[in-house]
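Subject: Model for your files

Hello,

Here is the model I said I would send. Please keep it open while you read the notes below it.

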Amino acid sequence: MTQLALVIDLNVCVGCHACVTSCKQWNTSGSAGPLVDENPYGADPAGTFFNRVLTFEVGEFPDTQTVHFPKSCLHCEDPPCVPVCPTGASYKRKEDGIVLVDHDKCIGCNYCTWACPYGVRELDEKRKVMTKCTLCVDRIHDQALPEAERKPACVLACPTRARLFGDVHDPQAEVSVAIRERGGYTLMPEAGTRPANHYLPRRKSENRTDPRQLVREYNPLRVDGREPDHAQGAPLDADWEH
């Protein structure tokens with residue numbers, strides 16, 4: 001069975017939020033929208049997003065790293081949000097494995113939100129319906145678009161190609177090869193939801209900064225290639241007086 005999904009490369013994601021803005025633009029003007037924005041230009045903006053990028057630091061100073069972590073619906077193969085829905089609004093498509101919400105049936109009860117261990121569903125406060133990533137289902141199957149453009153908006157917008165899209169059940173697909181060769185992993189496997197989306201880990205690399213890169217290239221006090229080493233409080237030319 002086909003299982004469409006995203007594979008996100010944490011090694012090259014730069015946290016630019018192009019995926020967030022392109023997702024918002026496409027979906028708010030498409031079949032899933034409009035996605036509400038509350039006080040967007042105020043001190044405390046809020047709104048509905050299908051995709052968010054979390055940024056945080058790991059490690060201890062001075063050995064720290066900044067990690068950008070995109071998060072959206074993982075389109076689980078055993079989604080806990082589906083069986084808890086009292087109206088059948090949450091469902092998983094057999095033809096491509098995408099988990100969707102039928103807004104005509106949704107009553108905004110939040111049961112699916114409580115069941116989801118990843119916190120990726122958001123209630124549209126104005127329409128009182130549950131929203132989530134659709135993998136741009138109205139785009140990826142649109143025969144009017146060129147084949148190269150039948151991908152989620154976030155995938156097309158990513159400037160570093162940190163987001164791959166395809167059938168993770170196809171061993172020859174680009175996403176499957178990346179998972180296999182790069183050690184792709186799923187979030188919280190202990191939850192038993194079998195997420196379709198995968199992440200590629202960050203690669204460890206040593207700091208190869210040349211000490212000369214930390215020196216001013218055009219230092220007016222440099223003499224014969226030597227940098228001044230004046231004592232604190234001494235005149236700037238004190239190092240060259242003897």
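This is a predicted model: local features need pLDDT of at least 70, side-chain atom pairs count only at pLDDT 80 or more; totals for chains, interfaces and linings use all residues.

Residues are numbered from 1 along each chain as its sequence is written, and side-chain values use heavy atoms, with hydrogens and water left out.

The sheet

Three strands form an open sheet in the order β10-β1-β11, with mixed pairing. (Strands are DSSP runs of E with at least two residues, helices are runs of H or I with at least four, and both are numbered from the N terminus; two strands pair if DSSP finds at least two bridges between them.) The edges are β10 (163–167) and β11 (198–200), each with a single partner strand, so one side of each has no neighbour in the sheet. From one strand to the next the twist averages 25°. (Axes are lines fitted to C-alpha atoms, for helices over the stretch in contact, and angles run from 0 to 180 degrees between N-to-C directions.)

Strand β1 (residues 4–9) runs parallel to β11, joined by three bridges. Val 7 has His 198 as its bridge partner in β11, and Asp 9 has Leu 200. With β10, β1 pairs in the antiparallel sense over five bridges; there, Phe 165 is the bridge partner of Leu 6.

Six of the six residues of β1 are buried, so the strand is largely enclosed by the rest of the structure. (Buried means under 20% relative accessible area, exposed over 50%, and partly exposed in between, with a 1.4 Å probe and protein chains only.) Leu 4, Leu 6 and Ile 8 are buried on one side, and Ala 5, Val 7 and Asp 9 on the other. In a regular strand the side chains alternate between the two faces of the sheet.

The helix

Helix α5 (residues 174–182) lies across β1, β10 and β11, at about 115° to β10. Its buried residues are Val 175, Ser 176, Ala 178 and Ile 179. Gly 183 follows α5 and has a positive phi, near 70°.

Elsewhere

Val 58 is in strand β4 (residues 51–60) and is partly exposed, at 33% relative accessibility.

Regards

Terms used. Contact means heavy atoms within 4.5 Å.
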